[in-house]
Amino acid sequence: QVQLVESGGGLVQAGESLSLSCVVSGSDLRQYALGWYRQAPGQQRELVAFFTIFSNPYYPDSMKDRFTISRDNTKNTIYLNSIGLKSEDTAVYYCAAGSNTQMLAARPEYWGQGTQVTVSS
């Protein structure tokens, strides 16, 4: 079992930056890829970034410019830093864990509860 708890969401102005955190707990975390998804109202959940099980960062092309994933293994925490936020970045952001294949297919084994990010223009 893996538990994921996100924090750091909120209301920001367009153009601002935001950092999200996800504390990960459970057994043998080294066997999981860890990352972030988001889901905007009326939209499907989409991958933002994740660390493969080899700890290599992966970004879909659409996310490379403004999002950065990082991690602190001493704190069992991963982070998502975003810059230049736009109104279309408004979404619930979820932390997730799974295999590399599951993450790429947007079907991770475990999900956090999500944290709302609202970008006001």
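A charge sits over a ring if NZ of Lys or CZ of Arg is within 6 Å of the ring centre and within 35 degrees of the ring normal. The legends below concern a predicted model, where local features need pLDDT of at least 70, side-chain atom pairs count only at pLDDT 80 or more, and totals for chains, interfaces and linings use all residues. Residues are numbered from 1 along each chain as its sequence is written, and side-chain values use heavy atoms, with hydrogens and water left out.

**View 1. Arg 45 over two rings.** Arg 45 lies over the face of Trp 111, at 4.3 Å from the ring centre. Arg 45 also lies over the face of Tyr 94, at 3.8 Å from the ring centre.

**View 2. Aromatic pairs.** Rings of Phe, Tyr and Trp (its six-membered ring) pair if their centres lie within 6.5 Å; planes under 30 degrees apart count as stacked, over 60 as edge-to-face and the rest as tilted. The count comes to 4 aromatic pairs. One of them is Tyr 32 with Tyr 110, edge-to-face at 5.8 Å centre to centre and 80° between the planes. Tyr 32 lies in the loop between β3 and β4 and Tyr 110 in strand β10, so the pair ties together parts 78 residues apart in sequence. Strands (E, at least two residues) are DSSP runs, numbered from the N terminus. Tyr 32 is buried at 11% relative accessibility. Buried means under 20% relative accessible area, exposed over 50%, partly exposed in between (1.4 Å probe, protein chains only). Tyr 110 is buried too, at 13%.

Tyr 94 and Trp 111 form an edge-to-face pair: 6.0 Å centre to centre, 80° between the planes. Tyr 94 is in strand β9 and Trp 111 in strand β10, 17 residues apart. Trp 111 is partly exposed, at 31% relative accessibility. Ring pairs link Tyr 37, Tyr 94 and Trp 111 into a cluster.

**View 3. The disulfide.** A search of the whole structure finds 1 disulfide (a pair of cysteine sulfur atoms within 2.5 Å). Cys 22 and Cys 95 form it, their sulfur atoms 2.1 Å apart. Cys 22 sits in strand β3 and Cys 95 in strand β9, 73 residues apart. Both Cys 22 and Cys 95 are buried.

**View 4. The cavity lining.** A cavity is a set of points on a 1 Å grid over the protein atoms alone where a 1.4 Å probe fits but cannot get out; lining residues have an atom within 4 Å of a point. Residues lining the largest cavity include Leu 18, Phe 67 and Tyr 93. Strand β8 gives the most to this lining, with 3 residues.

Conventions
On a 1 Å grid over the protein atoms alone, a cavity is a set of points where a 1.4 Å probe fits but cannot get out, and a pocket is an open set with protein on both sides within 12 Å along at least five of seven lines; lining residues have an atom within 4 Å of a point. Helices (H or I, at least four residues) and strands (E, at least two) are DSSP runs, numbered from the N terminus.
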